[in-house]
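Subject: Structure for you to look over

Hello,

Here is the structure I said I would pass on. Please open it alongside the notes below.

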Amino acid sequence: EREYQCEVMLLSRNIVVRGNRWSDPTDVVPTSCDADYSGYSRAPCPDTWLTGFGGHTMIIGKSVGRIRGVEFQKMGQTNVVGRYPVHYHYSTTGERSFVTDSSVRESYYRAYVIHNTFDMLVRSNIAYDVTGHAFYLESGAEERNRVEHNAAAFVHVIHGAVIMGATDRTRSQSESIAVPADHTASCYYVSNVHNYIIGNAASGGWAGMQLPVLPQ
């Protein structure tokens with residue numbers, strides 16, 4: 001007999017950080033458009049789902065962020081760089097900070113973001129129904145972080161899907177997309193391979209894991 005394995009995600013937590021009823025995007029139609037590349041008949045539409053405006057958390061500088069067992073819902077602000085559900089920003093306390101056993105769902109911009117932060121732990125977390133790259137190493141300077149045994153699914157591109165290579169620099173920013181790489185949003189965006197990416201699961205998104213080639 002055949003055997004099948006699947007990932008089971010627990011989305012709810014007892015501790016909840018949530019946006020309010022005004023967070024939801026208002027530009028949600030049409031739900032799909034004709035694809036303009038081979039292999040697909042339908043694709044996400046440009047200029048839709050761009051108005052999500054949820055809450056955000058940021059651990060910055062010398063502050064220590066220890067997050068465990070927290071649910072983040074209706075968080076993130078689409079195309080507003082720096083406004084993510086869970087964001088470690090230029091943190092100098094990575095070896096003492098962590099986010100584990102948590103969930104991000106119905107996010108309007110990313111899920112877990114490490115930006116110019118080193119040596120921190122991101123383990124056993126869930127990202128589900130996320131706009132833009134979900135687990136995101138932002139600048140390419142991040143090193144020695146451990147992203148382990150997480151799961152991401154149902155990840156959505158921004159401003160329509162565009163076929164792009166790992167070294168594509170022809171796409172530009174606009175009011176509709178702040179980071180052109182989100183045309184191909186993935187579950188894991190690993191901008192520096194000098195990190196430990198171990199035992200993670202991915203389903204959906206343009207790709208499960210994206211390893212861009214950035215300018216030196």
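This is a predicted model: local features need pLDDT of at least 70, side-chain atom pairs count only at pLDDT 80 or more; totals for chains, interfaces and linings use all residues.

Strands β10 (112-115), β13 (135-137) and β16 (186-189) each give two or more residues to its lining. Among the lining residues are Tyr-112, Phe-135, Leu-137, Tyr-188 and Ile-197. By class, the lining has twelve nonpolar residues, with no polar and no charged ones. Three of the residues named above, Tyr-112, Phe-135 and Tyr-188, also form one aromatic cluster.

Aromatic pairs. The structure has five of them. Tyr-84 and Tyr-109 make a tilted pair, with 5.5 Å between centres and 50 degrees between the planes. Tyr-84 is in the loop between β6 (70-73) and β7 (86-89), and Tyr-109 is in the loop between β9 (103-107) and β10, so the pair ties together parts 25 residues apart in sequence. Both Tyr-84 and Tyr-109 are buried.

Tyr-128 and Phe-154 are also tilted, at 5.6 Å centre to centre and 35 degrees between the planes. Tyr-128 belongs to strand β12 (residues 126-131) and Phe-154 to strand β15 (residues 151-156), so this pair links parts 26 residues apart in sequence. Tyr-128 is partly exposed, at 31% relative accessible area, and Phe-154 is partly exposed at 43%.

Charges over rings. Arg-110 lies over the face of Tyr-136, 3.9 Å from the ring centre. The charged end of Arg-146 is placed over the ring of Tyr-196, at 4.5 Å from its centre.

Regards

Notes. Residues are numbered from 1 along each chain as its sequence is written. Side-chain values use heavy atoms; hydrogens and water are left out. On a 1 Å grid over the protein atoms alone, a cavity is a set of points where a 1.4 Å probe fits but cannot get out, and a pocket is an open set with protein on both sides within 12 Å along at least five of seven lines; lining residues have an atom within 4 Å of a point. Helices (H or I, at least four residues) and strands (E, at least two) are DSSP runs, numbered from the N terminus. Ala, Val, Leu, Ile, Met, Phe, Trp, Tyr, Cys and Pro count as nonpolar, Asp, Glu, Lys and Arg as charged, and the others, Gly among them, as polar. Rings of Phe, Tyr and Trp (its six-membered ring) pair if their centres lie within 6.5 Å; planes under 30 degrees apart count as stacked, over 60 as edge-to-face and the rest as tilted. Buried means under 20% relative accessible area, exposed over 50%, partly exposed in between (1.4 Å probe, protein chains only). A charge sits over a ring if NZ of Lys or CZ of Arg is within 6 Å of the ring centre and within 35 degrees of the ring normal.
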